Amino acid sequence: MDRTKIVYYISDTGWGHLTRSLRIIEELLLRGYKINVINSYVEIFEPLIRNYPESLSVYKPHIKGDPQLPYGYPFNLREIEYSIREVLKNKKDWLKVETERLERIKPDIIISDITPWSFIIGDKLKIPAIAITNINWWDEYRFILKDKDNLILDEFYEAYEKATCALILPFESLNTPFKNIVRIPIVTRKINWERVRERRRELLSFYRPTLICTVTLGGHYLRNNDLINKVKKVIHSISEREKNILFIGRSDFRVENTKFIEVNEFTEFHELIALSDFIIGKISYGILSEMVLSDISGILFYRAMVLEDIINADNISEAKWGITIPFEEENFYVDLANLFISERSQKSKRLLQDGTEKIIEWINRYV
């Protein structure tokens, strides 16, 4: 019997699409699917390619299918508009290249997180095309641009409308264009709890801290010194009042006179989050999913220009899962005690179940 073939498009924007897609792809490979991934970060897939050389192929696209967000924040709107116009200008060529690719591969299904033009090809070639995401670019860019030039976004809306269905993950933003929405439980990287417990015991024994804190901005904003300095300001403020916290993170976040371990001592960053008492970071699907899975709280910055961030900041604050601070705020005071004295809301079923199983069930409905 022929194996099910999947073409999997993953956005290159650096907003965490790749992290969750890796987990889904690994589960699909374990079940014998044959997968062709379209994504620029080919090197990240090398461990999976070594384990599944006959089942996984990764191709770096030569034409961008998603607008790119600048590393600088607050965003330069002209840069974003230029990026959108470039993607629209190259849309015809992207569709030609990718249509030819799909006609060669002859996949049973297309998955996209959340490259929009892939749904156009699925509709044209009569191949089921499923979105797996918590956001879409039409709603997000429309919010960033504040209807400044809404007409240039219409083609994104029309593309997302063609999705066979959209499997929407928790920590979702608005997803206006999708016609057929199914809400899916959380998807996050697997945690080796035995290794986490052992590493936590080692850190407590050696450093004798009162608390352990992991610090992160994700990969996308590590180039932004302003955001790094905001995080360091929080670390400094907390460490002045509580001298014995052990901070773990990249060297960029090191603050003088703190106990600090550089992250290169570890190989699995999500397991650092799991062994911590709290985190300092930026709101994103990856951080929120791993924080909630590990049942810890956080001090979380958010971008007031991003719809996804605003919605999730409100939800996290309301549920008492964290203290949220806009990056735009210049003067802020963080009372660490508030993280631990407030009773958090109970997790919903979507945050307790494993979304990968549900995703595979839905993929199988269409093949």
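**View 1. Thr-214 sits opposite Ile-279 of S11.** Here strand S8 (residues 211-215) runs parallel to strand S11 (residues 278-282), and three bridges link the pair. Strands pair if DSSP finds at least two bridges between them; strands themselves (E, at least two residues) and helices (H or I, at least four) are DSSP runs numbered from the N terminus. This is a predicted model, with pLDDT of at least 70 needed for local features and 80 or more for side-chain atom pairs, while totals for chains, interfaces and linings use all residues. Residues count from 1 along each chain as its sequence is written, and side-chain values use heavy atoms, leaving out hydrogens and water.

**View 2. Six strands make an open sheet with parallel pairing.** Read across, the order is S10-S9-S8-S11-S12-S13. S10 (259-262) and S13 (322-326) are the edge strands, each with a single partner, so one side of each has no neighbour in the sheet. From one strand to the next, the twist averages 20 degrees.

**View 3. Helix H9 (residues 225-241) packs on the sheet.** H9 touches S8, S9 (245-249), S11 and S12 (297-302), contact being heavy atoms within 4.5 Å. The H9 direction makes about 145 degrees with that of S12; axes are lines fitted to C-alpha atoms (for helices, over the stretch in contact), with angles from 0 to 180 degrees between N-to-C directions.

**View 4. Helix H12 (residues 307-318) packs on the sheet too.** H12 touches S12 and S13, and its direction makes about 145 degrees with that of S13.

**View 5. Cys-213 counts as buried, at 0% relative accessibility.** Cys-165 is buried as well, at 1% (buried means under 20% relative accessible area, with a 1.4 Å probe and protein chains only). The structure holds zero disulfides, a disulfide being a pair of cysteine sulfur atoms within 2.5 Å.

Notes. Buried < 20%, exposed > 50% of the residue type's maximum accessible area, 1.4 Å probe, protein only.
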